[in-house]
Amino acid sequence: MEDPQGLEGSQPVGLSKHPSGIVPTLQNIVSTVNLDCKLDLKAIALQARNAEYNPNRFAAVIMRIREPKTTALMFASGKMVCTGAKSEEQSRLAARKYARIIQKLGFPAKFKDFKIQNIVGSCDVKFPIRLEELAYAHGAFSLYDPELFPGLIYRMKQPKIVLLIFVSGKIVLTGAKARDETYTAFENIYPVLTEFQKVQQWSPSCSCVVEISSLVMEVSFLWQRVTT
Amino acid sequence: MGSSATSNIYINVIDDVISKVRDEFIDNSGPGDGILEELQRLWELKMMHAGAIMGPIDRSSTKKGAGGGPITPNPVHDLNVPYEGTEEYETPTADLLFPPTPLQTPMQTPLPGTAQTPLPGTTQTPLPGNDSSPFYNIPTGGTPITPNAYASPNENGGVPDIRGGLGRPSQFMPPQSPWLNQRPHLDVNVAYTEGRKEGEMGAPHQPSTQDFFLANGKRKRDGPYHSGYIPQQDGASDSLSDESKVAERRVHLIPLPEVKISFRIPQLDGHMPDPYDDELSTPNIYNYQGVGSEDYNIVNTPLPNEMLAATPAPVKNDIGDDDDDDETLNEDDDDDDLDDAGQGENLNSEHLILAKFDKVTRTKSKWKCTLKDGIMRINNKDILFNKANGEFDF
C-alpha cells in the first residue's frame, strides 16, 4: 500500500499522496510481540550468541542480530520489544528471527500479537524556519524553549504525532503506529512550515555584513597602528 | 602447531585439572582412578591430534623413586594402540593396562566416627572451598599426620601396604605440583590465576603419568592386533575383544565398560555461585550484588544439553489460522548468521578467542573490549595472551 520504491526524503514521489513532494524517511520502528512463554533469562544469556544480560542494571536480555540490524529486549514474561528496523516488514522479520532463536534454545516460543508501537521518520524541507513565530502562531500545539532544546516540539492532534522542527528545516516525526500517520502529519505541517519559512532578504543580511566588515576594518587599522 | 610454551601450558592445564578432580574420582562413589587415567590419556590424545600439544609428552617421572624398577609402576597406555610388550612383559596384565590405584582401598572411605575431614587431628593447610583430597595438603615428603592417629579408628586394618606411609603420597600418586602447596588459599572459583600468565609456567611440574604414546609420537591404529588389544571407542561403552581380560580386571574396573568416556560424567562444580546471583564470593569487576528480587519464572538450572541441540517439535498449526502471520515460526525465519556460524566449526579454522574480560563497552555498533588471560585460535594457531584490546563491529 505504500510506495514501493526506496523513499528518500527529497525525492518527489506520488504527488497525489505527497503533495509536498517530500516523503519522510523512516528511521526507526519499535515493535512488540508476545512469545507466549516464560523465559529463563539466565539460560538464554548463557546459551544465545549475541545476548547481553545484566540483571542488576536491567531486567531483560538484550539481543542483537545483524540482518535486519536490530536490537531486541526480551523479558522473563515472554514479551519482547524489537527496535532499530527501518521498515515495518523488517521489524516483523527481525522479531520472527528473535522468536526463532528463542525457540531453538528450547522454549516453546510463539509469535503472538505482533504490533508496531512506534514509527520514527525524518525529512528535510530544505529551507530555514522561523521557529519563534511558528510557536507563537500555534501556541496550543507548540513548545519552543531554545535554552532547553534547540528544536520546536509540535504535538499534532490529528493524527497524534509529535514533530521536532528545527531551524535548519529538518523535521523529525515520531509517535506513529502506521506509516500513513507519519505521511499525513508531514503533509499537514508542510504548509505551516512554508508559511513560516525564513526568507533570506538582502537588506537585513546586507546590513549585518556591512557592520561586520566595518568592524574588521577598524580592527585591522588599529592593529596596523600598533604594530608599526 | 603451537609453540612449545603453548604446548606446555596445555599439558600443565591438563595435569592440574586431572589432579584436582582426582579426589572426586577416587571417592568411594566416584568412578575410580582408572577412569581418571583414561580420561587424561584421552584428553592428551585429542589435544595432540588437534595440534595443541606437541607430542610426545615429555614427562620426567619424579615418582619412580618408590622402587619402580625398569618398568614404571604406573605406565599409562593409550588404549587405542595395540599393546606393545615391554622387556619384561609379553602380554599386558590388567595391572599394566589399568594401573592399580591404592586409593581404592577403604582408607579413603569416610571412617566411622570421624567427621568429613579424613584426617582427624591434623592441621591441614586451610583451603576454604576446596574439597581436595588430603594429599593436596601434604607437602611432598612431609607427614603432618601421625600414622597412629589415622590407623586407630580403622579397625579392619584396611591400611594397605602399598601406601608409602600414611600421610605420604603413595608411590602411585602423582606428585603434587609444587605451586599447589605454595598457595594454601586456593580459590577454586579462580582458576589458573597464578603461574598462567605470559603463557609460561615458572616451574612446570612434571607429573608422573608416563609417556603413553609411542616413542615416535604416533599412534598405531592399523597394527596387528595383539592379544592384549582392547578397542577403545570414544563415547561408547567399551567392547572387550578379549573375554579373558575381564577376569583379570579388578573389581573396581568392571564398571568401565559402561562408562561413557565422552565426558557424560555429570560435572558438579562445588559451590560456584552463578554470575547472576548475588552471592559471588570472589571479587567481581561488575558488582552483581544487591540484585533485588529476580523473578526467574522458570527453573534456575540451565537447560540440559539435550535441549540445546534438538530443534523442538514444530508447533503444529492445527488451528489453521494464520500460518505465517501470527504463529508457527518456520525455518524461513531463521537468522542466516546464526546458522552459518554453527557450520563454521566444521571448517576447523574458525577463529576463536577465549578470555576473561575486563571491560566491554559499546557505542552503536562499535564494541570495545579489554581482555586478559586468554587463548586465541587464529589460522589454526593457538596464541596465548595476558592482555588484549579489541575493537569489534557488529
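B:Glu391 is exposed, at 55% relative accessibility (exposed means over 50% relative accessible area, buried under 20%, partly exposed in between; 1.4 Å probe, protein chains only). The model is predicted: local features need pLDDT of at least 70, side-chain atom pairs count only at pLDDT 80 or more, and totals for chains, interfaces and linings use all residues. Residues are numbered from 1 along each chain as its sequence is written, chains are lettered from A and ligands numbered from 1 in written order, and side-chain values use heavy atoms, without hydrogens and water.

Chain B contains 9 helices and 3 strands (DSSP runs numbered from the N terminus: helices are H or I with at least four residues, strands E with at least two). Its order from the N terminus is α-α-α-α-α-α-α-α-α-β-β-β. Of its 394 residues, 38% are buried. Helix α2 of chain B spans residues 33-50. It has 18 residues and reaches 26 Å from first C-alpha to last, close to the 26 Å expected at 1.5 Å a residue (the expected span is 1.5 Å times one less than the number of residues). B:Gly51 follows α2(B) and has a positive phi, near 85 degrees.

Over all chains, the structure holds 13 salt bridges (a side-chain nitrogen of Lys or Arg within 4 Å of a carboxyl oxygen of Asp or Glu). One joins A:Glu88 and A:Arg179 at 2.8 Å, N to O. This pair links distant parts of the chain: A:Glu88 is in helix α2 of chain A and A:Arg179 in helix α4 (residues 179-195), 91 residues apart. A:Glu88 is buried, at 18% relative accessibility. A:Arg179 is also buried, at 12%.

B:Asp358 and B:Lys372 form a salt bridge of 3.7 Å, N to O. B:Asp358 belongs to strand β1 (residues 352-363) and B:Lys372 to strand β2 (residues 366-378), 14 residues apart. Both are partly exposed: B:Asp358 at 24% and B:Lys372 at 27%. B:Lys366 meets B:Glu391 in a salt bridge of 2.7 Å, N to O. B:Lys366 lies in strand β2 and B:Glu391 in strand β3 (residues 381-393), so the pair ties together parts 25 residues apart in sequence. B:Lys366 is partly exposed, at 36%. Elsewhere, a network of salt bridges links B:Arg22, B:Asp33 and B:Glu37.

Chain A has two cis peptide bonds to report. A:Glu67 and A:Pro68 are joined by one, with omega about -5 degrees. A:Pro68 sits in the loop between β3 (60-65) and β4 (70-75). The other runs from A:Gln158 to A:Pro159, with omega near -5 degrees. A:Pro159 is in the loop between β8 and β9 (161-165).

Positive phi values also occur in residues other than glycine. A:Asp113, in strand β6 (residues 112-124), has phi near 55 degrees. It is exposed, at 51% relative accessibility. A:Lys126 has phi near 70 degrees. It lies in the loop between β6 and α3 (131-137) of chain A and is exposed, at 59%.

A:Glu89 is in helix α2 (residues 88-104) of chain A and is exposed, at 55%. A:Glu89 and A:Ile29 are 60 residues apart in sequence, yet 9.7 Å apart in space, C-alpha to C-alpha. A:Arg155, in strand β8 (residues 152-156) of chain A, is partly exposed, at 46%.
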